[in-house]
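Subject: Structure handover

Hello,

Here is the structure I promised to pass on. Please open it alongside this note.

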Amino acid sequence: MTGDDSGPDVDAYVGLGDWTPDSLVVPGEVRPVVSAPHPVLSRAAEEVDPTAKETVQLAADLVATMRVSPGCVGLAAPQVGVGARVFAVDVTGHPKAVTVHGTFVLCNARVVEATRWKPGREGCMSVPDLTGDVKRASRLVVEGDLPGTGEPVRLVTDGFEARALQHEIDHCAGLLFLDRVAGAHAVYQRKVYL
Amino acid sequence: MNELAITVIGRDRPGIVADVAEVLADLGANLTDSTMTRLRGHFAMTLICTGPASAEVEAALAPLAAEGQLLATVRAVTPDGEVPPAGEPYVMAVHGSDRMGIVAAMTRVLVDAGGNVTDLSTRLAGSLYVVLAEVELPAGVADTLIDRLHRTAGELGVEVTLRPADPDLL
């Protein structure tokens, strides 16, 4: 077995524990989603205090907005007009998902290990009319902080959830999938709207 | 052997590809490289074929154009042979509010750095304009080029990224 095949160091895994969106306590409000071109989508977002009241509210709002948006598997704060490094992800029930951590929100997330790059088609609520082919790591280790408790987590995931995480972490860095498409003919007019 | 460059463009309708390809096939023209796509409701074909003389093809395509819905051009070209790559392949992505001159300004920066655009497409989706260019760059210019691209993109109020193209060799 080569180093590349050994995969991430699972011993260092610190999961979500018993965190759920209910841990946020505050009710989430649905916020309007901004579309490109919008400057907030192209700026690197700011690090946040995961225990701050406004971060907790933002986390709850991201979950609420994601849940009312058909087909939405992730939503980052810049997409609701807030330049903060916070995003929600939920790939539960998606046919392409393998590892699934349910609904969660991460603050200040960063990729610490990315391997086994594979192409795949992506869309984005902030680029509603286009999709694109993007290569992403299908094995991923991400570190971040949970909103509310501020507890650090280290998530190990793969496949579709790994893709969703990389897409949202990109949003927090001011990048869209358009910035990573594979070539001149790798962007498509969306044919199916969920 | 004649090599011909043919363009056909017109309002999209079912059957344009079949009609044009049939005309060419009946003349013994062999289709080599082509792109055929729909651009905002217009169907656009650009193709290279080998075989008959250009006047012959032009005459054969004339009835299609006669309805006024299609514009066809035919021109003899000199076979170039294989063009060696001018450098390392990169992908430039540009997106932002639509305005005049984005493609002109951004590709000029590429050319000034010795780059050669080998493939390019643009999309206008609502007010979002997207340019994707594949470009061959001389070795070692990418780092300074990205600064110049950022400066020009800043003047245009658009975003730009430049990344090495994935060779994706099996």
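Below is what I found, chain by chain.

First, the conventions. This is a predicted model, in which local features need pLDDT of at least 70, side-chain atom pairs count only at pLDDT 80 or more, and totals for chains, interfaces and linings use all residues. Residues are numbered from 1 along each chain as its sequence is written, while chains are lettered from A and ligands numbered from 1 in the order in which they are written.

Chain A

Chain A has two helices and six strands. Both kinds of element are DSSP runs, numbered from the N terminus: helices are H or I with at least four residues, strands E with at least two. The order from the N terminus is α-β-β-β-β-β-α-β. The C-alpha trace spans about 45 × 45 × 30 Å along its principal axes. Chain A has a radius of gyration of 16 Å, which agrees with the value near 16 Å for a compact globule of 194 residues. That radius is taken over C-alpha atoms, and the globule rule is 2.2 Å times the number of residues to the power 0.38. Of the 194 residues, 48% count as buried (20 or more other C-beta atoms within 10 Å of the residue's own; exposed means 12 or fewer, partly exposed lies in between, and C-beta atoms are placed from the backbone). In chain A, 72% of the contacts with a separation of 6 or more join residues 24 or more positions apart. A contact needs C-beta atoms, placed from the backbone, within 7 Å.

Chain B

The domain assignment gives domain 1 (2–77) and domain 2 (88–164); such bounds come from an automatic or database assignment. Their centres, taken over C-alpha atoms, are 31 Å apart.

Look at helix 2 of chain B. A kink of about 30 degrees lies at Ala60(B), shortly before the proline Pro63(B). The bend is the angle between axes fitted to the seven residues ending there and the seven starting there. Just after this helix, Gly68(B) takes a positive phi of about 85 degrees.

Arg13(B) sits in the loop between strand 1 (2–11) and helix 1 (16–26). Arg13(B) counts as exposed because it has 10 C-beta neighbours inside 10 Å.

The interface

On chain B, 21 residues are in contact with 17 residues of chain A. Strand 5 (88–97), strand 6 (116–125), strand 7 (128–137) and strand 8 (158–164) of chain B each give two or more residues to that side.

Best wishes

Notes: Contact = placed C-beta atoms within 7 Å.
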